[in-house]
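Me: Hi! Could you walk me through this structure with a few quick questions?

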Amino acid sequence: MSARQAEAMAAEAELAEALRLAGIVLPSLATDQRSGLFTGLFLVDLGGARADVVERLAEVVRRGVEAELADRKAGSG
């Protein structure tokens, strides 16, 4: 296994765990092995998901961004 492949697989696992903590499952989440074989760059394929799952994902991301911005603002004052 190449370092790039291991990096993509670790990123996939990290995202899957973070999503699991938020109660979200992307059923098609996977490391795209074919891309790496042809280009040397292994991509993480997020796959398809139902609209309600994507809406929940957007909500979780939005809350995380808002919390990050609030932390930055509190740290700068």
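**Thr31 and its surroundings**

Reply: Happy to! Setting aside neighbours within four places in sequence, Thr31 is in contact with Ala8, Met9, Glu12, Phe42, Leu43 and Val44. Keep in mind that this is a predicted model.

Me: Which strand does Thr31 lie in?

Reply: Thr31 belongs to strand β1, which covers residues 30–32.

Me: And is Thr31 buried or exposed?

Reply: Buried, because its relative accessibility is 10%, and the cut-off for buried is under 20%.

Me: Which side chain makes a polar contact with that of Thr31?

Reply: That of Glu12; the polar contact between the two side chains is 2.5 Å.

Me: OK, switching to Ser35. Where does Ser35 lie, and what is it in contact with beyond its neighbours within four places in sequence?

Reply: Ser35 sits in helix α2, residues 33–39. Beyond those neighbours, Ser35 has contacts with Gly40, Leu41, Phe42 and Leu43. Ser35 also counts as buried, at 13% relative accessibility.

Me: Which residues make up the largest nonpolar core?

Reply: There are six: Leu19, Ala22, Ile24, Leu26, Leu29 and Val53. Taking Leu26 and leaving out neighbours within four places in sequence, its contacts are Leu19, Leu46, Ala49 and Val53.

Me: Now the surface. Which residues make the nonpolar patch?

Reply: Val61, Val65 and Leu69 make a nonpolar surface patch of about 260 Å². Leu69 is part of helix α3, residues 51–76.

Notes: Residues numbered from 1 in each chain as written. Predicted model: local features only at pLDDT ≥ 70, side-chain atom pairs only at ≥ 80, totals over all residues. Heavy atoms only, no water. Patch = residues over 30% accessible without salt bridge, like charges linked within 9 Å, V, L, I, M, F, W, Y side chains within 5 Å. Areas by Shrake-Rupley, 256 points an atom, 1.4 Å probe, with all protein chains shown as cover. Salt bridge = Lys/Arg side-chain N within 4 Å of Asp/Glu carboxyl O. Helix = DSSP H or I, 4+ residues; strand = E, 2+ residues; numbered from the N terminus. Buried < 20%, exposed > 50% of the residue type's maximum accessible area, 1.4 Å probe, protein only. Contact = heavy atoms within 4.5 Å. Core = buried A, V, L, I, M, F, W, Y, C linked by side-chain atoms within 4.5 Å. Polar contact = N/O pair within 3.5 Å; in protein donor to acceptor, adjacent residues only side chain to side chain.
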